[in-house]
Amino acid sequence: HIGPFYLRFYGLLILTGIILATNVAVWMAKRDGKDSNHVWDGLTWALIPGLIGARLWFIFFPSSSLSQQGVDLQWHLEHFFVMSNGPLAIWNGGLGIFGGLLGGLLGIAFYVHRKDLNFYEWIDIAAVVAPIGQAVGRWGNFANQELYGDVTTLPWGIKIDAINRVSDYKDIT
């Protein structure tokens with residue numbers, strides 16, 4: 001941490017993914033003869049609704065492991081202002097990529113409409129760079145030991161500490 005601010009590896013990876021994807025989008029826009037400043041100007045219009053959409057997705061469609069613990073939409077509504085783990089506690093995790101993509105798409109649509117740009121030309125660029133950002137950010141799930149699959153003996157399988165596993169897999173060695 002730096003003073004009162006905590007740097008989280010997951011957050012740094014998400015930021016790295018955003019910066020990498022944005023720079024690729026700038027390169028693509030220039031390559032296609034577009035004003036690449038629209039990428040930087042539109043970034044905020046994609047990120048803020050994307051973050052809101054990702055959090056809303058997490059709240060409205062919680063994972064099965066959270067639902068098993070009783071953390072569902074009803075729980076979120078009843079604990080709305082609990083700042084340790086309620087819906088407003090974004091520093092405590094809980095983002096859904098599908099909501100992030102939908103929110104970002106709405107933000108891009110708003111920006112290109114406002115600037116009288118061709119939506120389809122700009123969404124073509126976004127469709128290429130969004131997976132780049134997601135791929136880098138996904139390593140944050142690895143760092144947090146979350147969003148893993150079934151048990152495997154394959155050489156590329158990763159070890160998840162028992163404390164971070166869902167209940168069905170706590171006792172597997």
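## Nonpolar cores

A nonpolar core is a set of buried Ala, Val, Leu, Ile, Met, Phe, Trp, Tyr and Cys residues joined through side-chain atoms within 4.5 Å. This is a predicted model. Its largest nonpolar core has 15 residues. Among these, V39, I108, W122 and I125 touch the most other members. Four helices each supply at least two residues of this core: helix 1 (9-31), helix 2 (37-60), helix 5 and helix 6. A second core is separate and has 5 residues, including I59, L66, V71 and W75.

In soluble globular proteins, nonpolar side chains tend to be buried together.

## Contacts of I125

I125 is one of the core residues that touch the most other members. Set aside its neighbours within four places in sequence, and I125 is in contact with A25, M28, A29 and K34.

Most residues other than glycine have a negative phi. D116 has a positive one, near 55°. Q145 also has a positive phi, near 55°. Neither residue is glycine.

Where do they sit? D116 lies in the loop between helix 5 (97-114) and helix 6 (119-144). Q145 is placed in the segment after helix 6.

Is D116 buried or exposed? Its relative accessibility is 71%, so D116 counts as exposed; the cut-off is over 50%. Is Q145 buried or exposed? Q145 counts as buried because its relative accessibility is 15%, and buried means under 20%.

How values were computed: Residues are numbered from 1 along each chain as its sequence is written. This is a predicted model: local features need pLDDT of at least 70, side-chain atom pairs count only at pLDDT 80 or more; totals for chains, interfaces and linings use all residues. Side-chain values use heavy atoms; hydrogens and water are left out. Buried means under 20% relative accessible area, exposed over 50%, partly exposed in between (1.4 Å probe, protein chains only). Contact means heavy atoms within 4.5 Å.
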